[in-house]
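Hi,

Here is the structure I promised to pass on. Have a look at it first, and then read my notes below.

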Amino acid sequence: MRHVLRRLALFALTIWAAATLTFVLPRLAPQNPVAEALAQASLTRGGSGTGFDQLVASYGARFGLDRPVWEQYLSYLGDIARLDLNYSISSFPTRVSDLIAQALPWTLGLLVTSTLIAFVLGSILGALVVWPGSPRWIRQVTPVFMVLSAIPYYLIGLVLVYFLAFRAGIFPIGGGRTVGAETSISLTGFVDILHHAFLPGLSIVLTSIGFWALGMRGVAISVQGEDYMTFGQARALSERRLFWQYSMRNALLPQVTTLGLSLGHILTGAILVEVIFSYPGIGNLLLRAVTQNDYFTIYGIVLVVTLGISLAMLILDLIYPLLDPRIRRTARA
Amino acid sequence: MPHPTSPGRIARTLRLASALALSATSAAFAQDVPREDTLILAANSNGPEFGSVGNANPYAPGNQVNTAPHLAYEGLFYFNSFTRETIPWLATDAVYNDAFTELVVTIRDGVTWSDGTAFTAGDVAFTLELLRQNGAGDANLSYAVDIANQLTAVTAEGNAVTIAFNGPAPRFLQDYLKMHFGNGLYILPRHVFETVEDVAAFTFFDAAKGWPLVTGAYDVTKWTSTEINMDRRDDWWGATTGFHALPEVARIIAVPFNNADRGAQLVQTDAADITRDLPVGLIRPLVQDNESIITFTGASEPFGNVDWWSTSLYFNSLAAPFDDARVRRAVGLAVDRAQLIDFAYENASEPSLTPYPAFGALADYIATAEPLAAERGLDRQDLDASAALMEDAGFGRNSAGFWEKEGVEVGGEIHSITAMGPLGTLVAEQLRRAGFNVSFVSAADSVARIRDGRAVMSLWGHHASIGDPYATLNSYTCAQVKPIGEPIYPFFSRWCNAEYDAIVEQIRVLSPDDTSAIMPLFRQAMSIWYDEVPEIPLAQWYHRLPMNTTYWTNWPTQDNPYIQPAFWLTSGAYLIANLEKAD
Amino acid sequence: MADIARSLAYLRRNPTLTAGLVLLSGLVLGTLGGSLLIDVSTAYPMSARPAKPPSADLPFGSDTAGRDLLAVIVIGTGQTMKIGLIGGGVGVLIGALLGLVAGYFRGWVDAVISTVVDVALTIPPLLVLIAIAASLKGGMTVNSMAFIIALMTWREPARQIRAQVLTLREKPYVLTARLSGQSELEIVFREILPNLIPYLAANFVIATGTAILSAVGLEAIGLGANNAVTLGSTIYWMMTESAFLRGMWWWVLEPVTVLILLFIAIYMISLGMDEWANPRLRKRGTSQ
């Protein structure tokens, strides 16, 4: 019970820290996001520019930017508690929650799919490489993936774009879907989205398989020494059954924990992949918000991302004892 | 292996890269309007998405109506900067009194709003009054303070709108009632806006209600972050009254331009008919390899048309050491314009010695100013003369080879927007080689630094004079200058001179058409300007738009320059009305 | 001499470490030697005709601004390594100090530090880095960038060193030292710190890799230092100037290849050091 309470407190603390950081950081530079947004918008507009200061002041008041900083901070914390993400400054009157809602499915779709594929393939590879009965090529191919895992997603992304999109022309150079192919749900639309997601996804899969394989190899080695494996061998269970039901199943649990811990890392890498591929997800939205000093959008993204990661870790932490019979037993004892 | 940058290679790649994607495109257009009746624009976007979605109020701060929905609005007049011709549209005529203190605008008969209500002089008066009163009060609408500073009253009677000014305002008609570049006011429907309490927060978009309610030929039927659809209304007043044929474009689709790479791919694969600016390096192979894609100058340099954003290196003339005209001049002498244009624009641009865009309407003035620059040696790089000036101003070279006085090195950051990156990097490098320790920076707060004077130098464009030199001259007057720390916009030199101001004031009250009276005053003002070197003019700014003739023809070109091709300008609706379907 | 011979013998037994070190030495030699042999001022704009493919005159070709890419890669590799070393080194120093204090003194100090580390590990660092870099970009240099990046590289070392210290402090020799009346400081510096060196070294290698990863990431999206010639800034210019569509393959592949080699070298060294620090791991791995 103490563990649960501590975990919940840590969760709240993390959200508060992330919220405070994102509030303070953009304010380090003496700049007025409203003036920036309006000045950018009027770059090519006529008019003498008189009245610009008044326009900035009255527009800023709409976002509460005319109030003292501590007051802004308090109302910001209040908004967060109510999960109210305010308006976007650079895209007024769009709400930040709408911007995030538009971008999130792209990022999640790309990330969840490619991370799951890498996780499954990597884990199997890692278990197979130390499995006595696995074919020779498994042991030859594994080091290649391990070396690939040293390379950041976006660098592999650049190489893939060069060879498969630019040279071979098999895939589009970037974007989330073809122009005009609108949101209507259809087979062609789905194929189109897959077509665009393939290279960014592939760059994530290629560079993460090795990571999961390495983790799995370590666990699988220790699992093989366990009593139940010896027991299984003694019962003369089939190789296949031993591998899937005993070795894989037991070794997967620690892998799942690692998955939770790596979410932040995975997401960070994905931001850059999105930029490289002009993918319409969270990464691009964040970059845009940062370059336009769109405070509220920056807050919203950091908050949603931190919330998502912390929540995933919290849940993993809390349900882990339920999943793993060994820990459950020690916890009871 | 073929030459790696050969146009054929790039084109082939472009085609391949999007071939598969195209099949999906055609499927999506199958709805009701065929592709050949649809015009697709790759329009201004924030990254892969449109900004300010659903804000069709052209006076709400932060609106991005000019993404495409502005094509539904019409102007009282359009102005062709290539030919200096005024095209009457919602209005038929506008006449000043002799003192330029009153302007009477006559509204065209038979114009109706999209809901069938008649468009009247009352709508025009209402719009101007709305801005005037807002500028005098809340001041939270675009243009409002400008209008309030000039107008005293607006009245409507019959077809006539009478606008009274608080002094001579000979350029009001040109600057606010003729649609050109970013200039020109859109007229609002009085019967919608008179009941709106907070106009600044009113977004004026609701496809179900037919908002934005406009006089133009298109309804905005869909507006999301990735696509805008506008469908033609066949009962448009222009066609029913016989004023102008119904536009041939049945549907306008705008998609996000995102970046030049994507723009080039879209137009190459016929997935867009026109896009925003492309760099020379992309547009050259595009037009040379592809007969169906043209530019304003066809398939030859400079692949585009001059914009009003001619580029200069600005100084903050209040910040030492750039408060010394000798230092500013020395920087000017360190610049090699030909080399800049060679590297930044592959020679497909033109150096500029004046702060004026090279429009036909300004040609005489530019011809007068250029010799003034040449007389002072400001038309060429001269590193020896630059060094001599610096020594004369008391500077010596330090161990790193940079100019220095009393332990303070001459240098700093040149700030600008990201689009200036290629040019800015080169300018900084030229200056470093001449002993000025500068670097180019485009950061999130660059515009803020330029505006409040923390930036000592900046690269910026002029968006002022088009038809006569007054607007640009006016940007260097003492009224525009504030101390460092106080923001100014949109002109940043913080230089002024009382003698110069007096001359500009004389030009202010002259009609923009009175060239013979303006010219001698212009010569005097520019002589002071070149003596003082408040900025270094560098190059003309070209809009290089690829225009695809596969589905649409009659694009504006140098042989047929009927309007600026840039569709995001306030003259966009006039461009659309003149496009013709390809055979 | 005997030491060298023993080291060489060890390297022969640890081919991963050897391969990583050879690769890294090659890159270091390339950037050091290269900057002596060629005119490094050609790494700046207008030094060569723009957008030329590799040739006898320009072995690595040039970019659209007329930078000689051979000079760019030679200087950029060194600068990128420098960011990694400073960013990683500073991070490990801070992290080690925190971990040492937390692990050794335990109690409320440990509670505070551990909570801070736990919280910091949850917030995605690149998001924070992007926000800082965007706020401070005007005036950013290679050095200031390295220090900003150190803000993210301290967290893992802090956690790992703390865990290590927690086990070390219960070792018999530490208990003996304590009984013999050594002061806390003496115990930390004489007994515990020397035993941490392998972990510090391993953490330093990983932190350097992380720092380079973040630096290149920030630079690639245009948040790097002004005027700096680094591999990351080369990637930024290549992407903004449409190197792909212009068919300038050399501009794409050169910085990407060098970076990939650099990351592989760091990865192999860190794997090799794992084997060095935990010989058991090696034996188990090969026993299969």
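Chain C has twelve helices and zero strands (helices are DSSP runs of H or I with at least four residues, strands are runs of E with at least two, and both are numbered from the N terminus). Before you go further, note that this is a predicted model: local features need pLDDT of at least 70, side-chain atom pairs count only at pLDDT 80 or more, and totals for chains, interfaces and linings use all residues. Residues are numbered from 1 along each chain as its sequence is written, chains are lettered from A and ligands numbered from 1 in the order in which they are written, and side-chain values use heavy atoms, leaving out hydrogens and water.

Back to chain C: read along the sequence, its pattern is α-α-α-α-α-α-α-α-α-α-α-α. Its C-alpha trace spans about 75 × 50 × 35 Å along the principal axes. Of its 288 residues, 53% are buried (buried is under 20% relative accessible area, exposed is over 50%, and partly exposed is in between, with a 1.4 Å probe and protein chains only). If you take contacts (heavy atoms within 4.5 Å) between residues at least 6 apart in sequence, 73% of those in chain C join residues at least 24 apart.

**Chain B**

Chain B has 18 helices and 26 strands. Its radius of gyration is 25 Å, close to the 25 Å that the globule rule gives for 583 residues, so chain B is as compact as a globular protein of that length (the radius is taken over C-alpha atoms, and the rule is 2.2 Å times the number of residues to the power 0.38). Its C-alpha atoms fill a box of roughly 75 × 70 × 40 Å along the principal axes, and 65% of its 583 residues count as buried. Chain B exposes about 18800 Å², 49% of it from carbon and sulfur atoms. Its 37 positive and 69 negative charges have mean positions 5 Å apart.

L389(B) counts as buried, at 16% relative accessibility. Leaving out residues up to four places away in sequence, L389(B) touches R326(B), R329(B), A330(B) and L333(B). With R326(B), 63 residues apart along the chain, the C-alpha separation is 6.0 Å.

**Chain A**

How far can you trust chain A? Its mean pLDDT (the predictor's confidence in each residue, from 0 to 100) is 77, and 82% of its residues reach 70 or more. Confidence is lowest in helix α13 (residues 325-332) of chain A, at a mean of 48, and highest in helix α5 (residues 96-129) of chain A, at 87. Where pLDDT is low, the predicted coordinates should not be read in detail.

Helix α11 (residues 282-291) of chain A has nine of its ten residues buried, so it is largely enclosed by the rest of the structure. Just after α11(A), N293(A) takes a positive phi of about 55°.

Cheers

Definitions and conventions. Areas by Shrake-Rupley, 256 points an atom, 1.4 Å probe, with all protein chains shown as cover. Lys, Arg positive; Asp, Glu negative; His and termini not counted. Charge placed at Lys NZ, Arg CZ, Asp CG, Glu CD.
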